Amino acid sequence: MAYQTVRQEYMQIPIVTRAYTTACVLTTAAVQLELITPFQLYFNPELICRQYQVYRIITNFLFFGPVGFNFLFNMIFLYRYCRMLEEGSFRGRTADFVFMFLFGGVLMTLFGLFVNLVFLGQAFTIMLVYIWSRRNPYVRMNFFGLLNFQAPFLPWVLMGFSLLLGNSIIVDLLGIAVGHIYFFLEDIFPNQPGGSKLLKTPSFLKAIFDSREDDPNYNPLPEERPGGFAWGEGQRLGG
């Protein structure tokens, strides 16, 4: 019975969020069990080009470090905001969501060549948080019960938190930059005078991901409650 309940809850997670978070957890587990090492996963353009280890383009987004506070912190934010995006503004638009993943991943990889980052998973999480926060500007957030602010400030609060922990903020800035580029091209520029929609999801992605009918028993995660934890709890203004 417990197994069936867990399996049912797991299958209720939307497909892209489920696939990405599962891949991240399994990759970390494999490293913890010493089946693989981080040296086999990190982003290395020389190994990619000269030894054709193209898998590194993907694996560097899947490892968030050894199991610990930093890993759990990133996994919680990745799961929550990835799921809320997929169930919120990308509801019924899985192909567009996958295209956002591809666009963000490619752009982040190109920028990563210049900032010498070997793992881009945390920056990708910040990108997801940034896009969600800009699309939900009226949600009030609470961070560790200490700070109250509106959602668009969340990526910057997380960057400040990284700074307090002694981490490099380049990762956060990269995620914010890529997130803003996507948000501008997708949400802002098309609505400007003379603007147009520059990001168009390829038809083959739509054929693959958007052909399924919605599950009538699907129970989405309430987007108006982005927290559920002391550092991410929020509510809409006027709600």
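**Loop entries.** I began with Glu34, which is found in the loop between α2 and α3 (45–50). Helices here are DSSP runs of H or I with at least four residues, numbered from the N terminus. Phi of Glu34 is near 60°, a positive value in a residue other than glycine. Glu34 counts as exposed because its relative accessibility is 70%; exposed means over 50% relative accessible area, buried under 20%, and partly exposed in between (1.4 Å probe, protein chains only).

I then went to Asn116, in the loop between α6 (94–115) and α7 (121–135). Phi of Asn116 is also near 60°, positive in a non-glycine residue. At 67% relative accessibility, Asn116 counts as exposed.

**Ground rules.** I noted that the model is predicted, that local features need pLDDT of at least 70 and side-chain atom pairs count only at pLDDT 80 or more, while totals for chains, interfaces and linings use all residues. Residues are numbered from 1 along each chain as its sequence is written, and side-chain values use heavy atoms, with hydrogens and water left out.

**Threonines in α2.** I looked up Thr21 in helix α2. Thr21 is buried, because its relative accessibility is 11%. The Thr21 side chain reaches the backbone oxygen of Thr17 at 2.6 Å. That is a polar contact (a pair of N or O atoms within 3.5 Å; within protein, one must be able to donate a hydrogen and the other to accept it, and residues adjacent in sequence count only if both atoms are side-chain atoms). Leaving aside neighbours within four places in sequence, Thr21 is in contact (heavy atoms within 4.5 Å) with Leu78 and Tyr79.

Thr27 lies in helix α2 (residues 15–32). What does the side chain of Thr27 reach? I found the backbone oxygen of Ala23, at 2.7 Å. Thr27 is buried, with a relative accessible area of 12%. Beyond four places in sequence, Thr27 contacts Ile36, Leu41, Leu62 and Phe63.

**Helix pair.** I checked α8 (residues 154–164) against α9 (residues 170–188): their axes come within 9 Å and cross at roughly 165°. Axes are lines fitted to C-alpha atoms, for helices over the stretch in contact, and angles run from 0 to 180 degrees between N-to-C directions. That makes α8 roughly antiparallel to α9, a term for angles over 145 degrees. Pro155, Trp156, Leu158, Met159 and Ser162 of α8 make the contact with Asp172, Leu173 and Ile176 of α9.

How values were computed:
Helices (H or I, at least four residues) and strands (E, at least two) are DSSP runs, numbered from the N terminus. Angles under 35 degrees count as roughly parallel, over 145 as roughly antiparallel, 65 to 115 as roughly perpendicular and the rest as oblique.
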